[in-house]
Amino acid sequence: MAYVAKGEKDYDATGAQIPAAKSHKIRITLTSSNVANLEKFSRDLIARGRDRDLRVKGPIRLPTKVLRISTRKTPCGEGSKTWDQYELKVHKRLIDLHSSSEIVKEITSMSLAPGVEVEVTIAS
């Protein structure tokens, strides 16, 4: 009877099996008001993950939050009633990785683009 190996396993020089690193589901949340920097950073992050043969999902684009402020132009309240309107758009992207936490530290060690905030959460 022939035996067939079900999967390739790594062995050290003594022939003992090397334990596999525990794989985690890691969610990276990117937030920025500058879309160009956000897209470039997410593209670079995904390219680094795929270079290491990781399962990568994303970028998942979340709805843009628009923060609006309307203020009177005149400081004293006299004169015509004219208003200034300002808005700030906040863009968000999600990227899911399946790997060990050491590899994620290596991937996310790249320099941040200005204005991009990164939040990493590990869910077993």
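**Start with the strands**

Select strand 1 and strand 3: they run antiparallel and are joined by nine bridges. You're looking at a predicted model, by the way. For one of those pairings, click isoleucine 26 and look across to strand 3, where its bridge partner is leucine 97.

**Into the core**

Next, select Ile28, Leu30, Leu45, Val56, Ile95 and Leu97. In the largest nonpolar core, which has 16 residues, these are the ones that touch the most other members. Colour strand 1 (24-32), helix 1 (35-51), strand 3 (83-99) and helix 2 (101-107), the elements that each give two or more residues to this core. Which element gives the most? That's helix 1, with four residues.

Zoom in on isoleucine 95. Beyond residues up to four places away in sequence, isoleucine 95 touches Ile26, Arg27, Ile28, Leu30, Ser42, Leu45, Ile46, Val56, Lys57 and Pro59.

**Last stop: a histidine**

Stay on strand 3 and pick histidine 91. Is histidine 91 buried or exposed? Its relative accessible area is 11%, so it counts as buried, the cut-off being under 20%. Show its side chain and that of threonine 64: the two make a polar contact at 3.3 Å. Leaving out neighbours within four places in sequence, histidine 91 is also in contact with others, including Leu30, Thr31, Ser32, Ser33, Val35 and Leu38.

Note on methods
Residues are numbered from 1 along each chain as its sequence is written. This is a predicted model: local features need pLDDT of at least 70, side-chain atom pairs count only at pLDDT 80 or more; totals for chains, interfaces and linings use all residues. Side-chain values use heavy atoms; hydrogens and water are left out. A nonpolar core is a set of buried Ala, Val, Leu, Ile, Met, Phe, Trp, Tyr and Cys residues joined through side-chain atoms within 4.5 Å. Buried means under 20% relative accessible area, exposed over 50%, partly exposed in between (1.4 Å probe, protein chains only). Contact means heavy atoms within 4.5 Å. A polar contact is a pair of N or O atoms within 3.5 Å; within protein, one must be able to donate a hydrogen and the other to accept it, and residues adjacent in sequence count only if both atoms are side-chain atoms. Two strands pair if DSSP finds at least two bridges between them.
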